[in-house]
Amino acid sequence: MSLRFKEVTDSESETKIPRPFDLGKRQTLDLGNGSEILYISKFVSSDQAWTWFDFLNQRIPWTRPTICVFGRSVLQPRDTCYVANPGLTTLTYSGYKPHAYTWDDFTPLKDILDAVHEALPGSRFNSLLLNRYKGGNDYVGWHSDDEKVYALNQEIASVSFGCERDFLLKKKPNKTSQRRNDEEPPAKKSKKSSVADRHSFVLKHGSLLVMKGYTQRDWMHSVPKRLKAEATRINLTFRHVIVD
Ligand SMILES: O=C(O)CCC(=O)C(=O)O
Ligand SMILES: [Fe+2]
């Protein structure tokens, strides 16, 4: 059923290819209706992940922009930076248009992108949103990455470094799920939706989480405040802006 993980060990790639990447255990979570989460807890070794963390923490030109939420201007509760292939449509989210740096500005980002492409055959990401959470007060609220520049079924690959944080998923109350649940008797309906419509992951240092299929159309995600999480976390979400 949808709550169970399927585990696959890709031990061949570990022994044959010398690299800092350990694609050991892959877990998949079927969210239903064409949405799926893939999680690789040891995507990169801890040492490699700390090397990249230090580079990103020190060298990325982090900014904390003012964004517009429900018509009000607020300081975004985390630092951010954006990198994209030249010539792509400009990204706008919450009324904010981040400056697009190029991959050449930060060479290690190309290495991380290569590692992600290698782990996800067939993927071709062309942009990257970086987030830095400087402690448990920093967060990202419930949202979907469903801006017009992305396809409805775009895959997003999320790499985490530093402090572990909870990543939550919540199903949108959409028509698709309504139609499916209409076939159930009312008592069973509410119980079923409360169990399977929320999931959480602890995103580890050096991990890769992939939101696949229609996850952005049908689900929301968040990284909530966690007052005990004192250390800094850096997260990279690789995306694909539609090219006409
Ligand atoms: O920090 C994370 O794990 C998620 C970030 C995120 O959802 C986003 O940048 O859209
Ligand atoms: Fe997101």
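Visitor: In which strand is His221 found?
Guide: His221 is found in strand S14. Please note that this is a predicted model.

Visitor: Is His221 buried or exposed?
Guide: His221 counts as buried, because its relative accessibility is 5% and the cut-off for buried is under 20%.

Visitor: What is His221 in contact with, leaving aside its neighbours within four places in sequence?
Guide: With those neighbours left aside, His221 is in contact with Gly141, Trp142, His143, Ser144, Asp145, Phe167, Leu168, Leu169, Met211 and Gln216.

Visitor: Is His143 buried, partly exposed or exposed?
Guide: His143 is partly exposed, with a relative accessible area of 22%.

Visitor: Let us turn to the pocket. How much space lies in the largest pocket?
Guide: The largest pocket holds about 690 Å³ of space. Its lining is made up of 32 residues, and those nearest its centre are Arg78, Val140, Gly141, Trp142 and His143.

Visitor: Which elements give two or more residues to that lining?
Guide: Those elements are S4, S5, strand S8 (127-134), S9, S14 and strand S15 (232-239).

Visitor: What does UniProt list as "binding site"?
Guide: An unreviewed UniProt entry places that feature at Asn131, Tyr133, His143, His221, Arg233, Thr237 and Arg239. The lining of the largest pocket includes Asn131, Tyr133, His143, His221, Arg233, Thr237 and Arg239. For "binding site", the unreviewed entry also lists Phe70, Gly71, Arg72 and Asp146. Of this second set, Asp146 is included in the pocket lining.

Visitor: Where is Gly71 found, then?
Guide: Gly71 is in the loop between strand S4 (66-69) and strand S5 (72-75). Gly71 is exposed, with a relative accessible area of 68%. Arg72 has its place in strand S5 and is likewise exposed, at 63%.

Visitor: Back to Tyr133: is it buried or exposed?
Guide: Tyr133, which is found in strand S8, counts as buried at 2% relative accessibility. Not counting residues up to four places away in sequence, Tyr133 touches Arg78, Asp138, Tyr139, Val140, Arg165, Val223, Ala231, Thr232, Arg233 and Asn235.

Visitor: Something else now. With which side chain does the side chain of Asp79 make a polar contact?
Guide: The partner is the side chain of Arg64, at 2.7 Å. Asp79 lies in strand S6 (residues 79-84) and is buried, with a relative accessible area of 6%. Beyond its neighbours within four places in sequence, Asp79 is in contact with residues including Trp62, Leu130 and Lys134.

Visitor: And where does Asn126 lie?
Guide: Asn126 lies in the loop between helix H3 (107-119) and S8. Asn126 counts as buried, at 4% relative accessibility. Leaving aside its neighbours within four places in sequence, Asn126 has contacts that include Ala84, Trp103 and Arg239.

Visitor: What about Lys170: which residues does it touch?
Guide: Not counting residues up to four places away in sequence, Lys170 touches Trp142, Asp197, Arg198, Trp219 and Met220. Lys170 is found in strand S11 (residues 165-171) and is partly exposed, with a relative accessible area of 21%. The C-alpha atoms of Lys170 and Asp218 are separated by 8.9 Å, although the two residues are 48 apart along the chain.

Visitor: Finally, how many helices and strands does the chain have?
Guide: The chain has six helices and 15 strands. Of its 244 residues, 48% count as buried. Among contacts between residues at least 6 apart in sequence, 76% join residues at least 24 apart.

Notes:
Residues numbered from 1 in each chain as written. Chains lettered and ligands numbered in written order. Predicted model: local features only at pLDDT ≥ 70, side-chain atom pairs only at ≥ 80, totals over all residues. Heavy atoms only, no water. Helix = DSSP H or I, 4+ residues; strand = E, 2+ residues; numbered from the N terminus. Buried < 20%, exposed > 50% of the residue type's maximum accessible area, 1.4 Å probe, protein only. Polar contact = N/O pair within 3.5 Å; in protein donor to acceptor, adjacent residues only side chain to side chain. Contact = heavy atoms within 4.5 Å. UniProt positions renumbered as here; feature names shortened; annotations may be inferred. 1 Å grid on protein atoms, 1.4 Å probe; cavity = no way out; pocket = protein on both sides within 12 Å on 5 of 7 lines; lining within 4 Å. Points joined across faces, edges and corners; volume = space filled by probe spheres on them.
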